[in-house]
Amino acid sequence: MWYYLESYWLYLIIVGPTLLFAIGAQIKVNNNFKKYSRVLSSRRLTGAMAAQEVLNFYGITDVVIERVGGRLSDHYDPKSKVIRLSDGVYNSCSVAAIGVACHEAGHAAQHAENYAPIKLRNSILPVCNIGSYLGIPLAFLGFFMGFGILVDIGLILYSFIAVFQLVTLPVEFNASRRAVAVINQTNILSDSELVGTKKVLSAAAMTYVAALATSLANLLRFIILFGRGKRD
């Protein structure tokens, strides 16, 4: 019985605040994107056109830009070398859409230049996937069977989720910095328009900070919980 009660309270005390932080960050992203989606750029470049400007700036000729369904489903696919922009970004001339599109093009530039954090993130992704599926089940199995070594293995595997989130931060921050730098140097947006773009990208960056905080909080919760069980 103690296990279920402690698990509940640890979740509220440790993970609860980070979830509130994550929800707040997501709300801010949605609000900023909605607000600056109504601000059109003076040059009337679409998101797709702005992303192409970034690719041209870096001399990237083997990446294509496609439209994809969904809202804020924008991403860069390094395997296919495709930048996929959502409906609200691809054809939009807003400063919000241009920021998002250029950010994704920034990821394409990272891959083209073999940016070190990208390579590190890709190298730990397989272990992270294993940890997300097997880490906690292995820890639970070891916990209930009294195999402490299995608990430790499970927690180590699970910790790679937090490591992945940590490595993701410089990747996302750098992509935004690249986007802002190219927008500045190529005059895609005016200085006043760029203010809105920066706010959209800054809000998006906080969602990754929130994801890291939530991962660390969950890891700490399980370490405390399983550590208590081993002592008992």
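**Ground rules**

I worked from a predicted model, in which local features need pLDDT of at least 70 and side-chain atom pairs count only at pLDDT 80 or more, while totals for chains, interfaces and linings use all residues. Residues are numbered from 1 along each chain as its sequence is written, and side-chain values use heavy atoms, with hydrogens and water left out.

**Entry 1: overall layout**

I looked up the elements and found seven helices and three strands. Helices (H or I, at least four residues) and strands (E, at least two) are DSSP runs, numbered from the N terminus. From the N terminus the order is α-α-β-β-β-α-α-α-α-α. The C-alpha atoms fill a box of roughly 65 × 35 × 25 Å, taken along the principal axes. I then checked burial: of the 232 residues, 48% count as buried. Buried means under 20% relative accessible area, exposed over 50%, and partly exposed in between (1.4 Å probe, protein chains only).

**Entry 2: helix 5**

I took helix 5, residues 116-145, by itself. Helix 5 has 30 residues and reaches 41 Å from its first C-alpha to its last, close to the 44 Å expected. The expected span is 1.5 Å times one less than the number of residues.

Where does helix 5 kink? I found a kink of about 45° at L134, shortly before the proline P137. The bend at a residue is the angle between axes fitted to the seven residues ending there and the seven starting there.

I listed the buried residues of helix 5 as P117, I118, R121, I124, C128, G131, G135, I136, A139, G142 and F143. Just after the helix, G146 takes a positive phi of about 80°.

**Entry 3: helix packing**

Two packed helices are described by the angle between their axes and the distance between the axes. Axes here are lines fitted to C-alpha atoms, for helices over the stretch in contact, and angles run from 0 to 180 degrees between N-to-C directions.

I looked at helix 5 against helix 6 and read an angle of about 150°, with the axes 6 Å apart. That makes helix 5 roughly antiparallel to helix 6. Angles under 35 degrees count as roughly parallel, over 145 as roughly antiparallel, 65 to 115 as roughly perpendicular and the rest as oblique. The crossing of helix 5 and helix 6 is left-handed. A crossing is left-handed if the near helix is turned anticlockwise from the far one by less than a right angle, and right-handed if clockwise.

I next took helix 4 (residues 95-112) with helix 6: their axes come within 8 Å and cross at roughly 115°. Helix 4 is therefore roughly perpendicular to helix 6. This crossing of helix 4 and helix 6 is right-handed.

**Entry 4: salt bridges**

Side chains of opposite charge can pair when their charged atoms come close. I counted six salt bridges, each being a side-chain nitrogen of Lys or Arg within 4 Å of a carboxyl oxygen of Asp or Glu.

I noted R121 with E172, the closest N and O atoms being 3.9 Å apart. The pair links R121 in helix 5 to E172 in helix 6 (residues 148-186), 51 residues apart. Are these two residues buried or exposed? R121 is buried at 16% relative accessible area, and E172 is buried at 6%.

I noted E66 with R84 at 3.8 Å, N to O. E66 sits in strand 1 (residues 64-67) and R84 in strand 3 (residues 82-85), 18 residues apart. E66 is partly exposed at 35%. E66, D77 and R84 are linked in a network of salt bridges.

I noted D87 with R67 at 3.1 Å, N to O. D87 lies in helix 3 (residues 87-90) and R67 in strand 1, so the pair ties together parts 20 residues apart in sequence. D87 is partly exposed at 39%, and R67 is partly exposed at 46%.

Most residues other than glycine have a negative phi. I found a positive value at L72, near 50°. L72 is in the loop between strand 1 and strand 2 (75-77) and is partly exposed at 28%.

N114 also has a positive phi, near 55°. N114 is in the loop between helix 4 and helix 5 and is exposed at 51%.
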